[in-house]
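Hi,

Here is the structure I promised to pass on. Have a look at it first, and my notes follow below.

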Amino acid sequence: MIPLSWYLILAAVVMFIGLYGVLTRKNLIGALMGIELMLNSVNINLVAFWRYLHAGKPEMDGLVFVAMVFVVAAAETAVGLALIISAYRRRKSVDANDMDLLKG
Amino acid sequence: MAELLAPELLLWLIPALPFAAFVVIAIFTFRSRKLSHSIALVGAGFSFTASMLVILKALQVPELAKNPIASQIKWFPTGDSWFLLGVQIDPLTVVTLAFVAVTILMIFIYSVGYHNFGAPEGRNDIAGLPPKGAEVSHEGHTHRVPSVEPMYARFFALISLFAFAMYLLVVSDNLLGLYIGWEIMGLCSYLLIGFWYGRESARKAAIKAFITTRIGDVFMLLGLAALYALTGTLNYQQILSNQIVLNTLVTSASPIGGLSWAGLIGLLLFAGTIGKSAQFPLHVWLPDAMEGPTPVSAMIHAATMVSAGVYLVARFFPLISAGWTPGQPLTTPMLVMAAVGAFTAIFAATIAATQNDIKRVLAYSTISQLGYMVAALGIGAYSAAVFHLFTHAFFKALLFLGSGSVIHGMEHGAMHTGDEIDTQNMRNMGGLGKKMPLTFATFLAGGLALSGFPLITAGFWSKDAILSGAFTQSTIVFITLALAALLTAFYTARQITLVFLGNARSKAAGDAVESRPAMTIPLAILAVFAIAAGWIGIPKSFPLLGRMSSDWFAEFTGSMLSFKAVEGHSMIPLITSLTVALGGLLLGWLVYRRVKQAEAVDPMEKALGGGFRIIQKKYLVDEFYDLIFIRPSLWFADVFVAKWMDQVVIDGIINGIGRLGLFVGSALRNGFDAPVINGAADGIASGTRGAGGLLRKLQTGRVQQYLAGAVGGLVVLVIVLYSIFK
Amino acid sequence: MEFFSNHILTWILFFPVFGAAILCLVPARSEKGLRVTALIASLVPFALTVYLWFAYQVSPQAPGFAFQEQLEWFPAIHSSYHVGVDGISIVLLLLTTLLTPLALLASRSIHVHLKTFLMLFLFLETGMMGVFVSLDLLIFFVFWEIGLIPMYFLINQWGGEKRNYASLKFILFTMGGSLGLLLAIQMIGAVTGTFDLLTLFKTWPGISQASLFGLPTQTVKAIAFWAFVIAFAIKAPIWPVHTWLPDAHTEAPTGGSMILAGVLLKLGAYGFIRLVLPLFPAESRQYAVWLAVLAAASIIFGAFAAAGQKDFKRLVAYSSINHMGFVILGIAVAAWAGGSTDPALQQSAIIATNGAVLQMFTHGLSAAGMFFLVGVIYDQAHTRVLERFGGLYAILPVYGSILIFMSMASLGLPGLGGFVSEFMVVRGAWPVFTAITAVSMLGLFFTGVYVLKALKLVLQGPLNTEWKGHLKDISAGEIAVIAPLMILSFLIGVWPSWIMQIINQTVMSWF
């Protein structure tokens, strides 16, 4: 049986890849993909802990959380993409650095 | 039907109908001349008829003075009790109502003619100025004739209101009702004197009349308040026929030293008479009141309204004379009345003898005659005074209406000939007796009555009664009044001679014509009264005639008093009055028949010189008042009270407080607010602003930088938390 | 119906506010709609007051306070919404509800910010009526202030040339009075623990033990008395705190002047009658002579100052001081006679107080009418300088006749309302303050002088041709405003007992 730490390491790696993507990608779609990665790393963690703590028991909370995250991720992607498309239509660009209207 | 003729109801209706006429004309019919004067005449005619019916009823009542016909309504509540307003008729009312009703009706009829009803409208006539005449074409050539008065309906509305006020005054059973009529009459005289309000002189005269009489009125109001406060009523019967009330008033001392309440109230009421009956020193308004439409308002100021003042003191004679019996020293108010009346009688008579304006002569003559009556009351000759009031109303009304007729004839002549002269100046007249025979005859009757022409005229009997009364009571008053009577006869002869006798002294006078029947018929009726009204009062003691007389008048009016009034039974006053009347008339005729030219110097001026001119200027009383009273009070009102006291002193104090507030405020601001509070506040504000300026640099607007910051912050947080909770 | 008749005073009191709320919904450009709405909102209280007038006469509570209503309002300090009317407040209520619609009708020349103008007017009406009906000191004060603020804006926004100065002067003077008023009311409330007037009438005069902040009772009472007196004296106004009046009256728009002279001045005199006399009988009696002296000064100096004016409206404004002097003189007599058992003195006091209350009503009619007539001529001629008129009677016959009528009502001509009231005051004051009454006759005399001066310069004399063809005679709409005032003045003058009975009934119960 694969020990829990492997899953945790995998999740941490995916998380940091995602975080790196979000912080560095100039393309907003890339950043959005990074967010997806971060969300999925959380999912990995949730499933792994559920398997180790509650396998064979009636509690299904870990899986329910994961399902919830899927839904949120789907919604977020849908809204995010719509915003990006809208921004692209106005400014002909999906570059995150161009979007600094809230600069103080 | 019997109830309709009940005297109580009729008494109420006597004043009510003219008032209704006023309201109807003023609101509805003022556009129609004919309708308006018809309504006014119906009102006056009704009042006349009702008055006569009431008088007839009243004469049948035995002891009318003690049991007057009366009726009252509740007027306003005064705590538990009510103030009652009512009407009544007693002997004094009978006498007054009789002459008021006759003269008022005559004026109404006369006015239709005087204001040229039926004449064409003048093209240049405007409201507020006397009509200037109209051009009419007659058989190919045009000539000017008098035109109808532009404010014809208004005139009838106003004299209806006037009639209402006079009737109310006469029939009222209490002093407040009298005062109401008194004041409304003041308003009417103001409006009628100022009827031709467009003229500067009319406007001045109107205000002068109102203000001058008001001086007397405010004193009278105080008298009213005092009487009401002391007796709890203003009803004549309850005060004047009640010896207990009168005794209380006589014995209680007023705040003014040495004067009983009866004396003080008597003086206050007499002040009202001084104003209304134009006694010295408030006589100045009456001559100027001749600015009104010629004979009518002038006549109102001779026959009815000024009689109200004498009526008032006659009415309150029991109060004024309370505590006095014939032969005793006079009470204070009586003394004042005798002095004022006698002085006014002679004072005004001298002025009347110098005037050239036909109406002004009569105006001063009125003042003089009123002085006669006041003096008569002052010396206790009650019945004689009332008698003279009665006869004077008829012959003075007649004289004024006659003078109006003369002026009318002159105006006609002036328009016809284009002669631009003063149509009221007697110097421009002369010889009118031939042109206007009816007017001349009636004027002569009035004039003779005024001068007391013996036996046949009313004026003789009443004047004789006063002189005999004065003879028994006070020699000074007797001599003064006799002199005044001499002057009266003199100026009457002067007037008649200048106006009617001799030859015409101007083109207008040569072309004058007799007035219309609407004017001459009232003259004729009044002339009958001027002659015959005296016969009801021939004293029993009079030689020959006395035996046929019952001396009804003195007995009838005398019943108003609790004691027998002063009467004289001596031959000296009789001879005196015969002498002064005939002598004065003869003298006047002899002196003035020699005036042939309008420009000729007055014969008396030749004799008296500068003294004559001072008298002609009315002893400069007007100028004196202007200097002493009018200018200072106007200055006081305008400069002292309005400008100085309010705007300088009081507002100055207020503004001072305001400036003090401003000073304190600005000191606080500059010394404390600005450096301390504002400094602190400003410091905080600028500090915040600077910090914000630094912080805004953090706000780049880039999502990824924020996120990096958040991650960095998270890392720091984790490290911190770990290092704390490890 | 039950609900309605049980709360009729509240209906009357707050209907104008309700109307003002409705006014918000009417579009601002529909001038006619605004005017009609406001007129209805002010006519309904009038109709209700007329109903109240007749209901009051048959009401069993008379002569006490009828139509009382009491609701909890501020229980923490024992203040409640307590209203009711007696014979005096109902007379003034009638005056208020009568004059407000007339003043609205007289405001035809107002076009700028009409909606605000009308709303302020309706608030003003509620404030004034509230003062007359409140039976709770705190409510009294609240309504007192409500009446003040709209007037400030009416003068300040729609006034004449010097409106800023006038409105500021007005508000500072009256606010100055209000401060004291509030102080006195708080002191009374703190000492007795209640603001209810019916309770205070019974208890306050007799209180001699309580103290406040360590001050003795006498001091507390004296402070409260003077605070009341100063507040009401400013409002009435009594000489020498009257100088706000000519400015405020002159600069206010016509409708505002009508209300100001017609009703607002009465608030001061009403305060004396309602609060000062019953709450401070001993102090009132002590200072009654001084009050009478000041009243005579108002009468005399008011008349003199009016005679010295060159501006028509200022002349009318000063005449108000003159006439309010008679009200104060009557009140002084009542103050003097308070608690006396001498029947003659009581009789005089009743007559004087009757006269004072009636004078408030008749002056309300005549002053409002005079200000309206000044407004009529000012709207056309755009000047009020007397010297510039002259001989206008020839071109304005109807206006001239009405002006003469109103002037005579103001002058106190017998047969019109002012005479009855002035006579009663003089009659009542004569036995008590003989010398003062005699001296104040000088003012009565000068009343004639200034009234005739105005008539002389406006109507009589040679026609000033400048106006020929430029002035139109008074219109039917304007006659509709003045006619009710003339009819009422005449009715009172001819047969005063219809109104006097109501006043007398209440006044009698005091002495």
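Let me start with chain B, whose secondary structure amounts to 28 helices and four strands. Helices here are DSSP runs of H or I with at least four residues, strands are runs of E with at least two, and both are numbered from the N terminus. Please keep in mind that this is a predicted model: local features need pLDDT of at least 70, side-chain atom pairs count only at pLDDT 80 or more, and totals for chains, interfaces and linings use all residues. Residues are numbered from 1 along each chain as its sequence is written, while chains are lettered from A and ligands numbered from 1 in the order in which they are written.

Back to chain B: its C-alpha trace spans about 155 × 80 × 65 Å along the principal axes. The radius of gyration is 37 Å, whereas a compact globule of 726 residues would come out near 27 Å (taken over C-alpha atoms; the globule rule is 2.2 Å times the number of residues to the power 0.38). Of the 726 residues in chain B, 55% count as buried, meaning that 20 or more other C-beta atoms, placed from the backbone, lie within 10 Å of the residue's own.

Now, how do the chains meet? Two residues are in contact if their C-beta atoms, placed from the backbone, lie within 7 Å. Of the two pairs of chains that touch, B and C have the most contacts: 45 residues of chain C are in contact with 42 residues of chain B. On chain C's side, α17(C) gives the most, with nine residues. That side divides into 29 nonpolar, 14 polar and two charged residues. (Ala, Val, Leu, Ile, Met, Phe, Trp, Tyr, Cys and Pro count as nonpolar, Asp, Glu, Lys and Arg as charged, and the others, Gly among them, as polar.)

In the other pair, ten residues of chain A are in contact with ten of chain B. The chain A side of this has six nonpolar, two polar and two charged residues. Chains A and C do not touch, and their nearest C-alpha atoms are 41 Å apart.

One last thing to look at in chain C is helix α10 (residues 244-251): eight of its eight residues are buried, so the helix is largely enclosed by the rest of the structure. Among them are Trp244(C), Pro246(C), Asp247(C) and His249(C). The buried residues of α10(C) pack against α6 (137-158), α7 (163-192), α11 (254-279) and α13 (312-337) of chain C.

Cheers

Notes. Buried ≥ 20, exposed ≤ 12 C-beta atoms within 10 Å, placed from the backbone.
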